[in-house]
Amino acid sequence: MNIAIVGTGYVGLVSGTCFADTGAVVTCVDVDAAKIERLQKGDIPIYEPGLDELVLKNVKAGRLKFTTDLASVLNEQEIVFSAVGTPPDEDGSADLKYVLQVAKTIGEHLNRYLVVVTKSTVPVGTARKVRHTIQAELDKRGVDIRFDVASNPEFLKEGNAIKDFMSPDRVVVGVESEEAKKTLTKLYKPFLLNNFRVIFMDIPSAEMTKYAANSMLATRISFMNDVANLCELVGADVNMVRAGIGADTRIGRKFLYAGCGYGGSCFPKDVKALIKTADDNGYSMEVLKAVERVNERQKSILFDKLCRAFGGESLQGKTVALWGLSFKPETDDMRESTALVMIGLLLKAGCTVRAYDPVAMDECRRRIGDSVTYCHDMYDAVLGADALLLLTEWKEFRLPSWGVIGKAMNRPLVIDGRNIFDAEELGENGFEYHCIGK
């Protein structure tokens, strides 16, 4: 089965590679010639565990190809996935210019039946705009060629994307014809054979499902952060509260961890987009607006704790170590990360910032330059530090040598933004320890 994936960002490259690994012949398309040249040389432009090996395996097998020219390969395909970026506009809405440009190109060159599938996260109604754009170009050419549009939102977690794709909780597919359903059933047959759930529905429902899913997860995070902040005020322990409510099968244990705010490419953008979609339709998503406010406040909570730890005195001239820069472990993605907020607050307060992250330091340097000191490892980061702030719960941070760290720091102060350390152990090693919700 021949398919094309337009867009070789996170979603497009992972999806295309995994489809190739299930036996499809996949052509990945991108207008960025430098990126395509890198991919053709086996140089993977994004960080995702296991992706390098999978790309090389399928390129060698002849099932994965790369090009900058969609038109040249369009009419060899049964399905074309659009996985281009949908960056948020200033008002929070998703910018569809790249999605509609792909649709325009398809309409300009289409010569045979094709299923056009939106893989990007797009607002409800986007498939209709894609259909109209393709049809307008066909009308300009004066040709009558059948095509279908469909929606197949992704639910990949950065750092675990390959497993998520190959062993999904569910695959959501929105279609409007039996022929499109038949074509996509053929593509997803390997998943059906493994008894994974492929849920077919109408297109608007599929488009809404992605936003609703991410917004629900974001809501759970912000709710628990709100609960954690109240726990501190009343003398409760959010970890015990989490265990107590998570045992309720109606609630479950996932996404109940308090922390210093969510970030990344999905949750912030999708929450904003769903709020904007509702506003455009005359409805106010009050819960999600609160979710967004809570999360923005939570990103600065470690700075507030740091100020309190110093008794409200000026932080001018203090050295602060940061462990973790990416918005979550197993990725170098810093979009909407708490680290960016924290670095801004610390630099404004006159602090020197010493930072370490296992994979995201190049990305941090690309974003903010050399305004912080990039350290060789987590022990290098704490040299002479007046405080250590844990922002990202990388595995290598979980069992540090506190004896070594205590000797290296100017003041043994740890502020744990992800609640991964043991307060008793830190106390025994002479540290002042603060976390979230205790």
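**Stop 1: salt bridges**

Start by selecting aspartate 21 and lysine 57: the two form a salt bridge, with their closest N and O atoms 3.0 Å apart. Keep in mind as you zoom that you are looking at a predicted model. Color helix α1 (residues 10–21) and helix α3 (residues 51–60) next; aspartate 21 sits in α1 and lysine 57 in α3, so this pair ties together parts that are 36 residues apart in sequence. Turn on a surface and check each partner. Aspartate 21 has 24% relative accessibility, so it counts as partly exposed. Lysine 57, at 45%, is partly exposed too.

Now jump to glutamate 137 and lysine 140. Here you'll find another salt bridge, and the closest N and O atoms are 3.2 Å apart. Both residues belong to helix α6 (residues 126–141), and because they are three residues apart, about one helical turn separates them. Lysine 140 counts as exposed at 63%, which is over the 50% mark.

Select lysine 318 and glutamate 313 for one more pair: their side chains meet in a salt bridge with an N to O distance of 3.7 Å. Glutamate 313 is partly exposed, at 44% relative accessibility.

**Stop 2: α10 against α11**

Time for some helix packing. Select helix α10 (residues 203–234) and helix α11 (residues 238–246), and give each its own color. Their axes are 9 Å apart, and the two helices pack at an angle of about 135°. As for the handedness, α10 passes α11 in a right-handed crossing.

To see who touches whom, show side chains for Met224, Val227, Ala228 and Cys231 on the α10 side; they meet Val238, Val241, Arg242 and Ile245 of α11. Sort the residues of this contact by class and you get seven nonpolar, no polar and one charged.

**Stop 3: α10 against α12**

The crossing is left-handed here, whereas α10 passes α11 in a right-handed one.

For the α10 side of the contact, select Met208, Lys210, Tyr211, Ala212, Asn214, Ser215, Leu217, Ala218 and Ile221; across from them, in α12, are Phe267, Asp270, Val271, Ala273 and Leu274. Colored by class, this contact shows 10 nonpolar, two polar and two charged residues.

**Stop 4: a few loop residues**

From α12, follow the chain to serine 284, in the loop between α12 and α13 (286–298). With a relative accessible area of 27%, serine 284 is partly exposed. Draw a C-alpha to C-alpha distance from serine 284 to leucine 274: the two are 9.9 Å apart in space and 10 residues apart in sequence. What does serine 284 touch, if you leave out residues up to four places away in sequence? Asp279 and Lys289 are its contacts on that count.

Next, step back to phenylalanine 255, which lies in the loop between α11 and α12. Look at its backbone: phi is near 60°, a positive value in a residue other than glycine. Phenylalanine 255 counts as partly exposed, at 29% relative accessibility.

Is asparagine 419 buried or exposed? At 17% relative accessibility, asparagine 419 counts as buried.

Definitions and conventions: Residues are numbered from 1 along each chain as its sequence is written. This is a predicted model: local features need pLDDT of at least 70, side-chain atom pairs count only at pLDDT 80 or more; totals for chains, interfaces and linings use all residues. Side-chain values use heavy atoms; hydrogens and water are left out. Axes are lines fitted to C-alpha atoms, for helices over the stretch in contact, and angles run from 0 to 180 degrees between N-to-C directions. Helices (H or I, at least four residues) and strands (E, at least two) are DSSP runs, numbered from the N terminus. A crossing is left-handed if the near helix is turned anticlockwise from the far one by less than a right angle, and right-handed if clockwise. Contact means heavy atoms within 4.5 Å. Ala, Val, Leu, Ile, Met, Phe, Trp, Tyr, Cys and Pro count as nonpolar, Asp, Glu, Lys and Arg as charged, and the others, Gly among them, as polar. A salt bridge is a side-chain nitrogen of Lys or Arg within 4 Å of a carboxyl oxygen of Asp or Glu. Buried means under 20% relative accessible area, exposed over 50%, partly exposed in between (1.4 Å probe, protein chains only).
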